[in-house]
Amino acid sequence: MSNNKTLFQKVWDEHVVVPETPDTPAILYIDLHIVHEVTTPQAFSVLRESGLPVRRPDLTLPTLDHSTPTTPVSSFKDLLVAGEGAANQVRQMEQNCADFGLDLLGYGSGQRGIVHVIGPELGATQPGKTIVCGDSHSSTHGAFGALAFGIGTTEVGHVLATQCLLQRKPKTLEVNVDGKLPAGVGAKDLILALIGKIGVNGGTGHVIEYRGEAIEAMDMESRMTVCNMSIEAGARAGMIAPDSTTFDYLKGRPRAPQGGDWDAAVARWEQLRTDDGAEFDKSVTIDASELQPMVTFGTNPAMVVAINDPVPTRNDESFRKALNYMQIESGQAMTTHSVDVVFVGSCTNGRISDIEEAAGILKGHKIADGVRMLVVPGSDQVKQEAEERGLDKIITAAGAEWREPGCSMCIAMNGDIVKPGQLSVSTSNRNFEGRQGVGARTVLASPATAAASAIAGYVADPRNYS
Amino acid sequence: MKPIKQVRGRTVVLPTRDIDTDQIIAARFLTTTSSEGLGKNAFYDLRYNDDGSEKADFALNQPAADGCSILVGGNNFGCGSSREHAPWALLDYGFEAVISTEIADIFKNNALKNGLLAIVIDDVTHEWLMSNPGAEVTIDVAACSITLPDERAVGFEMESFARYCLLEGIDQLGFLQNASSAIESYEEKRSWRP
């Protein structure tokens, strides 16, 4: 065993309050806890019943995103909430934050948005932090060299009450992405291809570190897209070593270190790299230069194919069941399928560069007759920035709907749903049965592919539209 | 939490692999602020037709599934969303244990914290259970073993602390609270402040 450490090991070691033993997990300190209305009410109830306060309100970042409507509104009382349950959840979150002294980034704050969009854009997400949220896509924050993972509601209660979690140290998986991504192929295509290669359980029990030329060349938003979908390979977390791209992104953001603290932070962050000679438990290599735009054809994100390649076949009951649900046959390319709905948004692809990518394809075009396209910014700030750049005008001129921020049609619990049997090309992260609505057929893709498909009216190669 | 030393019951089999937590409890049922009463919506879209009638061919709807308390699932059970509503729904439905060859990390954590046994077993035993729905088995938490109907006992691994908490009925929040002095001294001595 060498003393050389991986990035993960460095962040882990720095947060161990009590080391693990054969009998007990480590007690791990959490630097940032992001909370939303869907996975926290039961945890706040536990605190209330036990008479416990939130231990560190200053390290707790609450917002509203999952069950909130995306129809235009001026205030919460005007909201067309999906149902009484959703409305009650939002009200209870507001009450919980008031009762426990938490500063809710809610309606009117100008900073509300999807948990994994606002953490980074506020500069609260930083290299070397431990970050958790009652949401599996917490792996997104690992793009900054944080150790970030999703937790259940019981654990949300643990963090609210103690700022700590009981954790066994996971294993490490190195993903080397060599070469350069070809033109028209982006971060979403890369992560879909990787999940296709290692499977939806390829990362179970592991923290992934993404490395290599293609990762280093990516901007922060692309890195977030990659880390976001680590959980779709079953991984606990995904991480990328921070570098000048990371520091440039964070500098000047409201919750990033300021003044003299900034220089000290950067000096500390520069140490957060895997040492030469450090060992990973597993390693996978992928050649970025060979990748193409990717689309899913089945009911999990590993059932993925290059846009012009035929859907593969497999002699397996689960595989057949998935294709049957999707009404898709092996042997034909996905480009033969017509599209009913296109969704651009979510914690995977709801950032400004994603909106820009979709708008770039849409510009000067109209979406096909019969296609419904929703573009949902990831946060108030993304919405504002997109409108300042006139992207909303391009989107609405093309015939798509420009909405209020939220998780929207990715999880379909706010009223934005795909109808039974409809085929949706979606920039979100899960194509599970019923994920976007009962009987909805989801094809995961990049914002460019989604926009191209909206114009074509069938699943389309974005390289023909740029 | 009540101590759980042993679970004895009959199995029901859902052979599909990669059963995700969206299938266990769909997102539209998450607009609740309680952890109770979710069982009626467990596997809803697999259990019911559009008109609300039961899908006759779904395993849970067959008469043989009545009273079964152990769910045997295909490989990689519980993947996807971190929603703890998934184990809450399975417990409320009447399940006491889930068995597969692989169980997703977050689901497994959530399940064990709620007293739903999440048991990972070897391929051979799994294959036997998949082909023998309705088998009466006993899961012994202390011994980390499953006893099959022919009295054969098969071992499994369970994280030692989770097992201890199940056996003793220990609330992990209490365990963390007992570490409060260690947490305070960690906060004081760390070299940078988050």
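Predicted model: local features only at pLDDT ≥ 70, side-chain atom pairs only at ≥ 80, totals over all residues.
Chain A contains 16 helices and 18 strands, and its C-alpha atoms fill a box of roughly 60 × 55 × 45 Å along the principal axes. Buried residues account for 61% of the 466 residues of the chain. Among the contacts in chain A with a separation of 6 or more, 75% are between residues 24 or more positions apart.

The chain is divided into domain 1 (7–167), domain 2 (171–241 + 267–289) and domain 3 (295–464). The C-alpha centres of domain 1 and domain 3 of chain A are 27 Å apart, and 23 residues of domain 1 are in contact with 21 residues of domain 3. On the domain 1 side of this contact, the largest share, four residues, is supplied by helix 4 (residues 115–122) of chain A. By class, that side of domain 1 comprises nine nonpolar, 11 polar and three charged residues.

An open sheet in chain A is formed by three strands in the order 1-2-7, with antiparallel pairing. Strand 1 (16–18) and strand 7 (164–167) of chain A stand at the edges and have a single partner strand each, so that one side of each is left without a neighbour in the sheet. Neighbouring strands of this sheet are turned against each other by 40° on average, with direction ignored. Strand 2 (residues 26–29) of chain A is joined to strand 7 of chain A by four bridges, the two strands running antiparallel, and within this pairing I27(A) has L166(A) as its bridge partner.

Helix 16 (residues 447–456) of chain A is mostly covered, with 10 of its 10 residues buried; among these buried residues are P447(A), T449(A), S453(A), A454(A) and I455(A). The elements that cover the buried residues of this helix include strand 12 (294–296), strand 14 (341–344), helix 12 (346–349), helix 13 (352–362), strand 15 and strand 17 (423–426) of chain A. Just after helix 16 of chain A, G457(A) takes a positive phi of about 85°.

Within strand 15 (residues 372–375) of chain A lies M373(A), which counts as buried because it has 25 C-beta neighbours inside 10 Å. When residues up to four places away in sequence are not counted, M373(A) touches V342(A), I367(A), A400(A), E401(A) and A454(A). The C-alpha atoms of M373(A) and S424(A), which are 51 residues apart along the chain, are separated by 9.3 Å.

Between the two chains, 45 residues of chain B are in contact with 59 residues of chain A. On the side of chain B that touches chain A, at least two residues each are supplied by helix 1 (21–24), helix 4 (105–113), helix 6 (160–168), helix 7 (172–177) and helix 8 (180–189) of chain B. Helix 4 of chain B gives the most to this side, with five residues. By class, the side of chain B that touches chain A consists of 16 nonpolar, 17 polar and 12 charged residues.

Technical notes
Residues numbered from 1 in each chain as written. Chains lettered and ligands numbered in written order. Contact = placed C-beta atoms within 7 Å. Nonpolar A, V, L, I, M, F, W, Y, C, P; charged D, E, K, R; others polar. Pairing = 2+ DSSP bridges. Axes fitted to C-alpha atoms, helices over the stretch in contact; angles between N-to-C directions. Domains from an automatic or database assignment. Buried ≥ 20, exposed ≤ 12 C-beta atoms within 10 Å, placed from the backbone.
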